[in-house]
Every structure is written in C-alpha cells, then in structure tokens.
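Keep the viewer open as you read.

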Amino acid sequence: MSDSDTLLSYLVPKLTNQVENAATDGFGYILRKSKPARDAFNLLLQQGGYAGSSIVRVETQTSYEDGSRPDMSGYDEDDVKRLLVEAKFWATLQEGQASGYLRQFDDPGPAMLLFIAPQARIETLWAEIVSQIQETRGRRLENVEISDALRSADVAGDENRLMLVSWRRLLDHLSASADIGEVEGDIWQLTGLAEEQDSDAFLPVHSEDISPDIGRRILSYNDLAYDVVDLGKTENWLDTKGLRATPQAYGYGRFFRFSGVACVFWIGVNCERWAISDVTPMWLWIVDEAPKSMDRISRALNVRIYDRWIPIHLRKSVEFHAVLDDVASQLKEIGRVIGAKIPDV
C-alpha cells in the first residue's frame, strides 16, 4: 500500500473543496495532541533558522483585523505570537499574502513565517514568495538557505525568518521523532492526503520537458498500442468487432476482446497511472467484469493490479519490433490466465 492509500486521502477531496483547510486542521490537531510532535516541529523550525522560543500552542484559521486569515498561528510560553503558517496544495499565492502576514508580528523578537506546499511547487512558490516580500515590503533576504525540500531566509531589517517546506519533509520529520506513537496513525493519514494532492500539482516546465523527443516518444507509445492490437487480430487471438480506438483523458489506446472471452479490454498510454505508480506508461484496462477475480489474476500473473489496471512493461534499449513482440507476449499470457483462446504460435 502506498502512502497515498489512506482513508483521509480518499474522503477529504470527495467531501470538501477546502482540502488545504482540512490538512491544516489535521496538522493543528496533531500538534495540540502530542508534545513530542510539537518538539519535533520546533526542531524543524530551528533547522530552518528560527531563533525564537519554542511554540507551545497553535490556533488554526484565526482572522485578523485587516481581513487576513493565516491557516495557523503559533504562540510561545508567554503567549506571544511567533509563528504564522500558510498551508498550500494547489491554491495560488494571493497578492500581498506573504508580505501582509509579516505585518502580523507586532511583538519584538524572532518570528517565523512558514509556508507548506507540495514538493512539486517548492521551486516556483518560493520565487513568488520572495518576489512579494522584496517588491511589496522593499526588503531584501539574507542568509538564504536552499535544499531540495526546504527554503529559508532572514528578512532584512527585523528578526523575521521566512521558510518554505514540503509536506513530505515536514511529515517525515514528525514521523521520525521519538515517542511519536500516539499520533503515528494521524501523521500517516495526513501524509496520505498530502501525497494525493502532490500527485496533482503542476510541475514546473524545464527545457528538457518540451524537447521534440518527448513528442516522438508519446507517438511511439501510441503506435505500440495500435500495432499490438493489429498483431493480435492478424494472429486471431483478439478482435475489435464493434469497438474502436478512443482517446481517453489520460491517453490514447484501443479497445479489444480476447478470443473466446466476452469482456472488453483497453490497452494504451495512461499518464495518470504512470505518474502515480512510476511503473510504465503502457497499461491494460479490464473494462468489464473479468471471468476471474482480480486477486486470482494478480496471483497467476505475479503482478500488482491497480483497480483493474494491469501494467504492461516495456523492454528497454531494444528496437521497436522487439518491444512490440514482448508486449504481445504479455497480452497473450494475460489472455491465457483469463481463459482466452490463444494459439501456441
């Protein structure tokens, strides 16, 4: 089971479009419930350069007189506000949001403005946050520290520290802390929600992502799906009578039936499954109820089936005809498992 296969990741997006608020409230619940979790969180803040006293109490969704409402506020043992948190998944950074939150620190002394976001947004969101603070407040950033999942910097002219951390880094840090047992399940649930949201984040576009090779590769995958079905028709172990190639939202593919089996299958590129599983771009979908249970098919093939999607693995560093023959062999094996009439040749 992957980290994203949790009840929270399944239910929250179905029940509300306020997923960020739900995640923040969940995070606040963990911090309020567990002192070890708060200690671990304070340690992470220190790693980000925060030099103030420890956060001992948090509040979520607190509204201020200027109309702003940070997702979370944190207070030290003297009940002085030392932390403001803005949790992001896919929502855009509002105009003046970063610079406006810094004005909420009225008391002297160190304070931290923390943003939490999916790993995929760290690079681009940091640039927006920095731009807001530099342009709106006219402040420069000093002592900038950059790593893969964490960015931090001092805001020149005061004792404020700015930090951006990924959900994964934050929750992994909490999970790795000693005596975290009482909230271990809660952290796992929140991690599942964060991972589910991270999978939908827009990835920054780099030059290699728009290379013509990417386009040629996708066209080759489409050709593979088309040609393997034609091969099966020629060898009489599948047919497409009454069916047609139909592009889906996740990619191009073709519908077909195995010889002697009534249910319909689809083979093609599924970018959604590819992105989630990191297994292969090519997938076989069991459209109808199969003659045997998914568990029996999975055991017989010794392969994991993802909600009626079977990964079709592609041979590497060989020419197209070898890849085609191998995909055909995988389809034949699947057909035999479900009772199709597959010729020996």
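Asp39 and Lys35 are joined through their side chains by a salt bridge, 3.0 Å from N to O. (A salt bridge here is a side-chain nitrogen of Lys or Arg within 4 Å of a carboxyl oxygen of Asp or Glu.) Both residues sit in helix 3 (residues 35-47), 4 residues apart, or about one turn of the helix. Searching the whole structure turns up 13 salt bridges.

A word on the ground rules: this is a predicted model, so local features need pLDDT of at least 70 and side-chain atom pairs count only at pLDDT 80 or more, while totals for chains, interfaces and linings use all residues. Residues are numbered from 1 along each chain as its sequence is written, and side-chain values use heavy atoms, with hydrogens and water left out. Helices (H or I, at least four residues) and strands (E, at least two) are DSSP runs, numbered from the N terminus.

## Helix 3 against helix 6

Helix 3 also packs on helix 6 (residues 167-175), with the axes 9 Å apart and an angle of about 130°. (Axes are lines fitted to C-alpha atoms, for helices over the stretch in contact, and angles run from 0 to 180 degrees between N-to-C directions.) The two helices are therefore oblique to each other; angles under 35 degrees count as roughly parallel, over 145 as roughly antiparallel, 65 to 115 as roughly perpendicular and the rest as oblique.

Who touches whom? Helix 3 brings Ala37, Ala40, Phe41, Leu43, Leu44 and Gln47, and helix 6 brings Arg169, Leu170, His173 and Leu174. (Contact means heavy atoms within 4.5 Å.)

Next up is an open sheet of 7 strands, in the order 1-2-3-4-7-6-5 and with mixed pairing. (Two strands pair if DSSP finds at least two bridges between them.) Its edges are strand 1 (57-60) and strand 5 (141-146), each pairing on one side only. On average, neighbouring strands are turned by 15° against each other, direction ignored.

Strand 4 (residues 111-117) and strand 7 (residues 160-166) run parallel and are joined by 7 bridges. Ala111, for one, has Asn160 of strand 7 as its bridge partner. Helix 2 (residues 19-33) lies across strand 1, strand 2 (72-75), strand 3 (81-87) and strand 4, at about 160° to strand 1.

## Helix 10 against helix 11

Further along, the axes of helix 10 (residues 294-301) and helix 11 (residues 320-337) come within 10 Å and cross at roughly 130°. That makes helix 10 oblique to helix 11. Ile297, Ala300 and Leu301 of helix 10 meet Glu333, Ile334 and Val337 of helix 11.
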